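Let us work through a structure by question and answer. Keep the view open as you read.

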Amino acid sequence: MKPEKVRQACETSLKDWGMKYFDLYLIHWPFCFKADPKTNSTLYDDNGVAILDETYKIEDTWRAMEELVELGLVKNIGVSNFSISLLQRILTIPNLKIRPAVNQVELHPYLPQKELRKFCSSNGIVVEAYSSLGSGKEPSLLEDDIVLQLSKETGISPSCWLLSWARQQNIPVIPKSSNPSRIAENYIHHQLSQDFLDKLNSIHKTHRYVDPMNFWKHPMPQ
């Protein structure tokens, strides 16, 4: 996001939600795109590639995020979809006032993000998982052979297995559902034995469900 738009966007969201402040406010993606001045929508080239606006730097946007805390508009600030190298850019900003509290990323047995989690842990950054259940896309994480086998052996649903796997590793999860019974089920935590954890960790399939190549035609930032 353009640094000069950060406060405006935050204040607009606060007004829309009827809130005085947010507990946590994130930079959603480490991209800044050129926008149509009339509609403010992202501009694309003739090949359908979103056009980057490279006149703005992540460091400048982060300084604008720090100002939100100073103004009392938010309590904590963080990022989403940031790699180790991008986090290092923030952490090495001269006279850094506030470190990222959270890095929200896609995380599940197909994409365990081990190195990123290790880096964040050593720097006091909480890793929060989204798409923990696979986002309802193929290949189906909920129908993985190992997940289904464990579910059959224990009578615990595949979704509970996957969310418990994350929570037991101190990874907050934010699953989505419009089904009341599934929402209630998502709150249930099952303490998994080390053997069961090892079985889930033995899944070797690799897949990313939320890939910016699919909607902006830009690779996941590194």
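**Sheet, helices and a loop residue**

Q: In β2, what is the bridge partner of Ile27?
A: This is a predicted model, where local features need pLDDT of at least 70, side-chain atom pairs count only at pLDDT 80 or more, and totals for chains, interfaces and linings use all residues. Residues are numbered from 1 along each chain as its sequence is written, and side-chain values use heavy atoms, leaving out hydrogens and water. Strands here are DSSP runs (E, at least two residues; helices are H or I, at least four), numbered from the N terminus. In β2, Ile27 is bridged to Val79.

Q: How many bridges join β1 to β2?
A: Two strands pair if DSSP finds at least two bridges between them. β1 and β2 (residues 74-80) run parallel, and the bridges joining them number five.

Q: Which strands stand at the edges?
A: The open sheet has four strands in the order β1-β2-β3-β4, with parallel pairing. Each edge strand has a single partner, so one side is left without a neighbour in the sheet. The edge strands are β1 (22-27) and β4 (126-130).

Q: What angle does helix α1 make with β1?
A: Axes are lines fitted to C-alpha atoms, for helices over the stretch in contact (heavy atoms within 4.5 Å). Angles run from 0 to 180 degrees between N-to-C directions. Helix α1 (residues 3-17) lies across β1 and β2, and its angle to β1 is about 135°.

Q: Is Ser132 buried or exposed?
A: Ser132 lies in the loop between β4 and α5 (145-154). Buried means under 20% relative accessible area, exposed over 50%, partly exposed in between (1.4 Å probe, protein chains only). Ser132 has 6% relative accessibility, so it counts as buried.
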